[in-house]
Amino acid sequence: MNIVFVIALIAIVVALFAAGRAMLRDGRDGEPKSNRMVRALALRVGLSIALFVFILVSYKMGWIQPTGIPMGQ
């Protein structure tokens with residue numbers, strides 16, 4: 001289960017870097033701007049929402065359990 005979360009987070013970060021790269025590269029040297037940045041950011045938002053829903057479903061199905069954070073006891 002942890003592998004799924006790690007892969008999703010890596011995909012989200014890659015989409016964010018793709019949007020940043022598109023923002024810096026598009027429109028240079030008189031070229032028309034493309035929609036690559038918008039698509040990459042939309043993909044990132046979609047992946048983030050999907051990961052959140054997956055975590056909620058996993059909790060409801062009992063696949064993951066909260067462990068809590070020890071608070072200096």
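**View 1. The buried residues of helix 1 are F5, I12, A15, A19 and A22.** Buried here stands for under 20% relative accessible area, exposed for over 50%, and partly exposed for what lies in between, with a 1.4 Å probe and protein chains only. The model is a predicted one, in which local features need pLDDT of at least 70 and side-chain atom pairs count only at pLDDT 80 or more, while totals for chains, interfaces and linings use all residues. Residues are numbered from 1 along each chain as its sequence is written, and side-chain values use heavy atoms, with hydrogens and water left out. Helices (H or I, at least four residues) and strands (E, at least two) are DSSP runs numbered from the N terminus. Helix 1 has 24 residues and reaches 35 Å from its first C-alpha to its last, close to the 34 Å expected at 1.5 Å a residue; the expected span is 1.5 Å times one less than the number of residues. Among what covers its buried residues is helix 2, where cover is judged by contact, meaning heavy atoms within 4.5 Å. Helix 1 is followed by G27, which has a positive phi, near 80 degrees.

**View 2. Helix 2 covers residues 36-61 and has A40, L51 and S58 buried.** Its 26 residues should span 38 Å at 1.5 Å a residue, and the C-alpha atoms at its ends are 37 Å apart, which agrees. The cover over the buried residues of helix 2 includes helix 1 (2-25). Helix 2 is followed by G62, with a positive phi near 85 degrees.

**View 3. One aromatic pair is found in the structure.** The ring centres of F5 and F54 lie 5.9 Å apart with their planes at 65 degrees, so the pair is edge-to-face. F5 counts as buried because its relative accessibility is 17%, whereas F54, at 26%, counts as partly exposed.

**View 4. S58 is a buried residue of helix 2, with a relative accessible area of 0%.** A polar atom of the S58 side chain lies 2.7 Å from the backbone oxygen of F54. Leaving aside residues up to four places away in sequence, S58 touches M1, W63 and I64.

**View 5. The protein as a whole has two helices and zero strands.** Its radius of gyration is 18 Å, well over the 11 Å that the globule rule gives for 73 residues, so the protein is more spread out than a compact globule; the radius is taken over C-alpha atoms, and the rule is 2.2 Å times the number of residues to the power 0.38. Along the principal axes, the C-alpha atoms fill a box of roughly 60 × 30 × 15 Å. Buried residues make up 14% of the 73 residues.

Methods:
Rings of Phe, Tyr and Trp (its six-membered ring) pair if their centres lie within 6.5 Å; planes under 30 degrees apart count as stacked, over 60 as edge-to-face and the rest as tilted. A polar contact is a pair of N or O atoms within 3.5 Å; within protein, one must be able to donate a hydrogen and the other to accept it, and residues adjacent in sequence count only if both atoms are side-chain atoms.
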